[in-house]
Amino acid sequence: MDEYIVTIGVETHIQIKTKSKIFCKCSTEFTEEPNRNVCPICMGLPGVMPTLNFEVVPLAIKTALALNCNINRISGFARKNYFYPDLPKGYQITQHEFPLATSGYMQLRSGKKIRIKRIHLEEDTGKMIHDQDQNSLLDFNRAGVPLMEIVTEPDFNSEKEVIEYLENLQRIVRYLDVSTANMEFGELRGEPNISLRKKDDQKLGTKTEIKNLNSFKSIEKGIILEIERQKELLSKGERIISVTMLFDERKQELRPMRKKESVSEYRYFPEPDLPDLLLSENFIEEIKKSMVELPSQKLERLQKDYGLSFEEGEIITSNRDFADFFEKSVDGVKNLKKVTKFFIREIPAILNEKKIGVKDLKFNHKDLNKLLKMIDEEKVNLNFAQDILKKMSLTGNDPDDIIKCDGGNISLNEKDVENMIIEVIKENSKEVERYKNGEDKLFGFLVGQCMKKAKNRANPKLINEMLKEILKR
Amino acid sequence: MNIEDLRESFLGGKVSPVDIVDSLYKKIDEDDLNDFITLSKNIAYEQAYLSEKRYKKGDILSETDGIPFSLKDNFSVKGLRMTCGSKILSDFISPYDSTVYERLKRSGAILIGKNNLDEFAMGSSNETSFFGVVKNPHNREYVPGGSSGGSAVSVASKHSTFSIGSDTGGSVRQPASFCGVVGFKPTYGKISRYGLVAFSSSLDTVGIMTLNVSDCKKVFNTVRGNDKHDSTMDDHINEKRDLKKICFVKDIPHADLKVIKKYEEICSKLERMGFSLQPINLDFIDLSMAAYKIQTMCEASSNLARYDGIKYGLQKFSGDNLFDIYSKVRGEGFGKEVKRRIMTGTYLLMYENGRYYDLSFKLRDYISNSVDSIFENFDMMVLPTSLFLPFKIGERVDDPVMMHLSDSLTAFANLANVPAISINGGYYEKLPVGVQFVGKRNDDDNLLDWVKIIEEEIKKDG
């Protein structure tokens, strides 16, 4: 079965985060109430005209620059004509012949470059919903929400590569504050097109497209299923027909949606109601200057500056706010190795549990920095620090206050520790006896008992040393 | 009455805006020419009442305060029906104001109603309207021209002092010629198209129909100027200069000899006024008709796609499937001529035929360059507005080819994007004959000034 080469290209629609829609003044804010954010323009009433909301332009350019594209100084809008109830005008305003940006690339972990064919601006359609009584309902809140479509060349050879590309893309547009890019809300929609060919064939096979993929998981599953389907057909000697496959999330299966429309059926022509979009070199330069550090750049820098592993770096840079939080929190902290795990495990766990972002945490980077420095100075051990962190996340109190509430000083003084150890020895005389008779491994047990008694408030190093000393007596 | 006279009577207290509105509605009813689809009586009386108060107090808003006007029924007015002369929109109430109406309302002018028109402005005789043909006031058996036929008739019959029409290939100038009034098509981008229902967006212009050129200037000054809703505008205007050189067209194929005769009379009149007329050739006319047809039909097929019976307009919710619903609504809602153009346009835009649309742009460039080169040597061009006189109702309904010839002397001005105006050049057997003056791009103000003088000269001779 391994005789086929899989070729995949990806079209991605990303909603651009602007206050108002792309061709009118309606709000883009999500609302449950259907047809609330609509006006004559986005409803396509007779006689209305679109005017470009320029807010979308710099945001799209930023994305294009992040993907190493050429920004076209002249681009233009066009009409894509087709009938569907969720399309108010009977055509979608998009860019066709003259897109905003062309010929970029994204480098994958393996070093492979995925070529970006084009990035263009367009308007989103409304939504058609089918209710239980088989009525079709229309909601035009989404109609006219700005989109950019990012089209790759057919450069992927596996679903893994596609997922990596899309994850990177999501990270990039979030870093640039261009989009919230949540797949489950349709803010980022990836549509792979897939074809198979025999190893010695030069020509690409007939491709099919998959739609309705609302998560990375679905995309992965969808691609795998489609590759299987095509393999099976080809091995039976059948031909692949160009279709759009619909992914059924519930049943986890693909079914053909409709025969793929060819370009001719869209009857593209230049949009006469909008002038060309002309951009000056100066304007593009200004945007270049205002670019923030991209995820890949940040990852590389954090690895270098903080000695993070690639995997640690990936987790920490998965989100721009989180990466910033990390950098601020570890400022001046010496023993980075020791505290990094807080950013890999503990803090992500808190965020996940509460389903919040780092900005919504009850404590700030200053408090965390204090705590991390306490670890540095061995004032608290890691276990105790974890407790404190948990309490910080619940109460928002500063670590000093938490320690005070928890029973005075950070650590018990030597005298207290000594007394405590003597107590432990008394309580565990049998084990002490056995230890003294050569059962070395019981030392650990005794340390544990001391720690338990100290409720994490004693420096483990101190316990270790003192216990050894006292046992020698 | 024209704007100037009407204002004088308002100022002198001889007559009030409310009186005028009363008498107009009476006359519209009596004349029964079918020039209106909707009368806006509520709006008119309210606006007239307010205007009357302003005249009494002496704080008059503008030159057009209290002046009754009408809009071709493809301009949007909030709360009023906008049919575009089509069954598919016969019950459509618009929820917003077009920019043109907005500006006129602000100037204090009074909206009398919405004028009849060829369906979606596609036609040259007003016979394609779902609301029936409009009668030419000069002879009720004759067509008023189109597509702004209702507008021309309402001005000619003094049902409104001026009317706003739309001109995509001659739709304001040709009916002006047929009804003996003034029809002005400015340079593209001088008047906002926001709220004008699109026929062919790259050629559609807002036109003005009045009793004389002086009124036309006043209305133009009220409605012109950039609009945040229309990003295809450009308010650049050429500097004022004197009219010196005029050119005329020597051979006009297909033209009715009666039209030519009148045209020659006007030309000699211009010569008597001291202008030397030089002949030019309009050998791009045939090409202009090809470009015009391809472009308008392609754009129309897309512009009219929104009338699908889903959100507004004619609705048919019984059907086996979506396609069924679409076919029913559009099959029943559109008239023959509109369907013909949508189908041709759709066909022309299909991939295999896409080059036709591209080609039409090349042709358009060629025509534009040809017209520009004429205006390198001349200030103004004079030519007939229409190849023929008004014809009888029903005479040419089933002859689309002959019908399309109607635009041949006017469409090039839209393609080349230059201003043009038709004024009455006299009568032939009691039917009006128009004469057209075409100016250089952005020469709108100059053209109006020059033609105003010529109009006075023509009127002098009677």
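Predicted model: local features only at pLDDT ≥ 70, side-chain atom pairs only at ≥ 80, totals over all residues.
Phe36(B) has Asn115(B), in strand 3 of chain B, as its bridge partner. Strand 1 and strand 3 (residues 110-115) of chain B run antiparallel and are joined by three bridges.

Zooming out, the sheet in chain B is open and built from 11 strands, with mixed pairing. Going across, the strand order reads 1-3-2-4-6-5-10-11-9-7-8. Strand 1 (36-39) and strand 8 (277-280) of chain B sit at the edges, each pairing on one side only. From one strand to the next, the twist averages 30°. Helix 7 of chain B, made up of residues 213-223, packs on this sheet. There, helix 7 touches strand 4 (162-167), strand 5 (182-185), strand 6 (205-210) and strand 10 (420-428) of chain B. The direction of helix 7 makes about 140° with that of strand 6 of chain B.

Over in chain A, Asp139(A) belongs to strand 9, which spans residues 136-139. Asp139(A) counts as buried because its relative accessibility is 13%, with the cut-off for buried set at under 20%. Beyond its neighbours within four places in sequence, Asp139(A) is in contact with Pro34(A), Asn35(A), Gly126(A), Lys127(A) and Ile129(A). As for Thr125(A), 14 residues from Asp139(A) along the chain, the C-alpha atoms of the two are separated by 9.5 Å.

Key: Residues numbered from 1 in each chain as written. Chains lettered and ligands numbered in written order. Heavy atoms only, no water. Pairing = 2+ DSSP bridges. Helix = DSSP H or I, 4+ residues; strand = E, 2+ residues; numbered from the N terminus. Axes fitted to C-alpha atoms, helices over the stretch in contact; angles between N-to-C directions. Contact = heavy atoms within 4.5 Å. Buried < 20%, exposed > 50% of the residue type's maximum accessible area, 1.4 Å probe, protein only.
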